[in-house]
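Here are a few friendly notes to read alongside the model. Take them one at a time, and find each residue on screen as you go.

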Number of protein chains: 2
Amino acid sequence: MWVCGKLLGQLRRGLLPVSGRRWSAAASYSASAEPSRVRALVYGDHGHPAKVVELKNLELTAVGGSDVHVKMLAAPVNPSDINMIQGNYGILPKLPAVGGNEGVGQVVAVGSSVTRVKPGDLVILGTAGLGTWRTEAVFSEEALVAVPSDIPLQSAATLAVNPCTAYRMLMDFEQLKPGDSVIQNASNSGVGQAVIQIAAALGLRTVNVVRDRPDLQKLTDRLKGLGAEHVITEEELRKPEMKNLFKDMPQPRLALNCVGGKSSTELLRCLAPRGTMVTYGGMAKQPVTVPVSLLIFKDLKLRGFWMSQWKTDHSPDQFKELIFTLCDFIRRGQLTAPACSEVPLQDHQRALESSMQPFVSTKQVFTM
Amino acid sequence: MWVCGKLLGQLRRGLLPVSGRRWSAAASYSASAEPSRVRALVYGDHGHPAKVVELKNLELTAVGGSDVHVKMLAAPVNPSDINMIQGNYGILPKLPAVGGNEGVGQVVAVGSSVTRVKPGDLVILGTAGLGTWRTEAVFSEEALVAVPSDIPLQSAATLAVNPCTAYRMLMDFEQLKPGDSVIQNASNSGVGQAVIQIAAALGLRTVNVVRDRPDLQKLTDRLKGLGAEHVITEEELRKPEMKNLFKDMPQPRLALNCVGGKSSTELLRCLAPRGTMVTYGGMAKQPVTVPVSLLIFKDLKLRGFWMSQWKTDHSPDQFKELIFTLCDFIRRGQLTAPACSEVPLQDHQRALESSMQPFVSTKQVFTM
């Protein structure tokens with residue numbers, strides 16, 4: 001895996017703990033009357049991300065009693081960020097809005113009533129829609145979760161959406177035990193890679209579907225390196241020989257679908273009777289199509305998962321507990337961040353275009 | 001509702017309780033060496049029901065210790081019987097097989113170890129695939145449930161499949177309380193009519209989708225007479241004005257789908273967030289198509305229901321309890337049998353053709 005060198009470099013250059021020299025001006029900001037200049041990726045209309053997103057200067061809002069002034073360090077481009085800018089998402093911020101829904105930053109200063117984070121803490125965003133693609137921001141204390149300082153920065157930056165989604169989907173729909181199997185499509189996505197790793201850590205066996213591509217063997221090797229038991233193409237998934245796969249491993253009781261269309265129907269056909277398919281994305285832009293007989297005679301269950309909804313339904317402490325569980329996987333070497341390409345904010349057009357290309361295996365991460 | 005006159009006539013002519021004169025020969029059958037002649041509707045191959053089903057003479061098998069000799073009185077033609085003959089069903093009997101999966105009969109004689117039924121009892125079949133379209137049969141004691149003699153014969157004949165399916169779907173997927181609403185398609189089917197009546201008895205409000213037809217007003221009046229709150233056509237279901245319906249009643253938390261295709265997608269759009277659609281049939285012969293956003297952002301759940309599977313998963317006593325619960329609805333006048341057309345076994349071709357015609361509102365019931 002390619003290591004995000006610049007981010008690690010930032011850490012090593014003393015961003016943690018906060019050096020008095022580097023942060024003193026900002027740390028005293030809340031007591032200062034001078035507004036700080038913030039650079040941010042802003043969109044005023046929904047549309048094609050590379051066209052509607054612009055780099056702008058914003059003024060930092062005042063730090064109220066329960067607010068936290070955060071210097072952003074890194075914020076990835078996730079598929080849901082793209083959907084949100086396009087206007088195709090379950091929640092949409094008021095426009096103009098700053099792009100990005102997750103990221104990691106360092107606390108610069110805190111309001112008088114803030115108790116859960118302190119200057120110098122590494123924090124990630126626990127709430128979607130606040131805009132993370134910016135150099136600095138003032139967030140409400142409740143929106144932040146302090147993460148341990150021994151977690152790699154690229155892992156922290158990409159922890160709140162994809163690994164959380166992967167872990168919850170593996171835990172909340174079927175009671176799986178070691179040796180059980182799981183099938184997924186879009187296995188090279190951020191969630192897909194997290195599913196492979198967390199499943200392996202839990203003793204679950206995975207069948208991982210990917211789109212055919214020129215460098216398939218390389219991808220297969222990489223996913224197997226993460227813990228994937230089988231890596232197969234969408235075309236192989238549709239062949240009758242697929243059933244031979246389940247002579248040597250139990251039929252999956254859980255399928256994770258980020259594609260929709262034919263791919264999702266084939267996942268359903270692979271499921272064990274009474275199994276569940278959880279849909280969390282629709283990359284093919286086609287609905288999930290379910291043969292009636294699979295519902296009636298095979299008693300399959302179809303569900304959906306949306307991490308934002310999970311957070312709404314659970315307390316901040318429960319989210320924090322989830323983050324700490326994932327940090328334990330990271331510390332044990334069982335969960336690594338996806339390969340990432342660091343991009344400065346001004347190169348947003350290139351980053352947004354890249355994030356929408358097929359077969360791009362690295363995640364675009366804005367670094368500030 | 002049209003009353004099955006001949007069946008009631010049979011009852012009144014003293015079939016219940018068993019008259020010594022009428023049943024004495026049959027009642028002593030198990031002690032006799034002479035095999036009885038049975039007429040039965042038999043199919044030797046899967047195919048078009050009106051073509052593959054023939055009226056044949058069979059010999060009655062011997063009555064073993066745990067067996068029950070039953071004189072069949074009435075047995076309906078259900079959609080699942082048709083699917084089974086066509087070979088499109090979750091379980092298929094060994095061929096040649098006698099058609100029909102439910103029905104009511106009267107016990108003629110019992111084997112030495114039988115304790116739960118006695119000669120003269122009215123019994124219904126609790127197990128599918130045994131073949132009810134015949135004049136007499138020997139069934140295992142476990143396959144039978146004695147039903148109270150005050151239940152109308154046409155209700156008893158049609159109790160084990162459709163009302164059971166309707167009741168379980170209303171009870172087992174969402175915790176509904178009086179005032180909650182339910183939406184269904186195929187509302188004029190056997191299950192559909194039972195759903196309307198049981199829902200009304202439970203204080204649930206129903207939106208009932210039917211196909212447009214020349215006598216729509218007549219059908220609407222009839223379903224409203226059963227307790228339907230709204231009766232709408234498939235075309236009305238697709239109109240944006242549908243949402244006005246839910247200004248005066250809560251959005252349904254449960255949808256019951258017997259159609260598939262577009263109809264099922266529209267049911268999903270009407271569901272309240274986190275609601276469940278249960279599929280129990282696929283009359284349109286098209287898969288259920290689910291927009292990905294309804295799974296992810298609306299958290300809808302898709303399930304299937306098959307009464308045969310429910311019976312496999314539950315004890316005979318639990319099935320008996322279910323039958324008795326439904327008998328209570330019947331006694332209170334809250335659940336009536338669908339309008340039926342009585343057909344003698346020899347007119348099977350006409351009955352099977354009729355049962356497959358669209359817009360036929362009466363259920364074909366073989367009487368012996």
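**Notes on the salt bridges**

1. Let's begin with Arg269(B), which is partly exposed, with a relative accessible area of 45%. Please keep in mind throughout that this is a predicted model.

2. Which residue does the side chain of Arg269(B) meet in a salt bridge? The partner is Glu266(B), with 3.9 Å from N to O.

3. Asp313(A) and Arg274(B) form a salt bridge whose closest N and O atoms are 2.6 Å apart. Asp313(A) belongs to helix 13 (residues 307–313) of chain A, while Arg274(B) lies in the loop between helix 11 (261–270) and strand 13 (276–279) of chain B, so this pair joins two chains. Asp313(A) is partly exposed at 41% relative accessible area, and Arg274(B) is also partly exposed, at 34%.

4. Back within chain B, Asp180(B) forms a salt bridge with Lys177(B), and their closest N and O atoms are 3.4 Å apart. Is Asp180(B) buried or exposed? With a relative accessible area of 8%, Asp180(B) is buried.

5. In chain A, a network of salt bridges links Glu174(A), Lys177(A), Asp180(A), Arg253(A) and Lys301(A).

6. Finally, the overall count: over all chains, the structure holds 33 salt bridges.

Definitions and conventions: Residues numbered from 1 in each chain as written. Chains lettered and ligands numbered in written order. Predicted model: local features only at pLDDT ≥ 70, side-chain atom pairs only at ≥ 80, totals over all residues. Heavy atoms only, no water. Salt bridge = Lys/Arg side-chain N within 4 Å of Asp/Glu carboxyl O. Helix = DSSP H or I, 4+ residues; strand = E, 2+ residues; numbered from the N terminus. Buried < 20%, exposed > 50% of the residue type's maximum accessible area, 1.4 Å probe, protein only.
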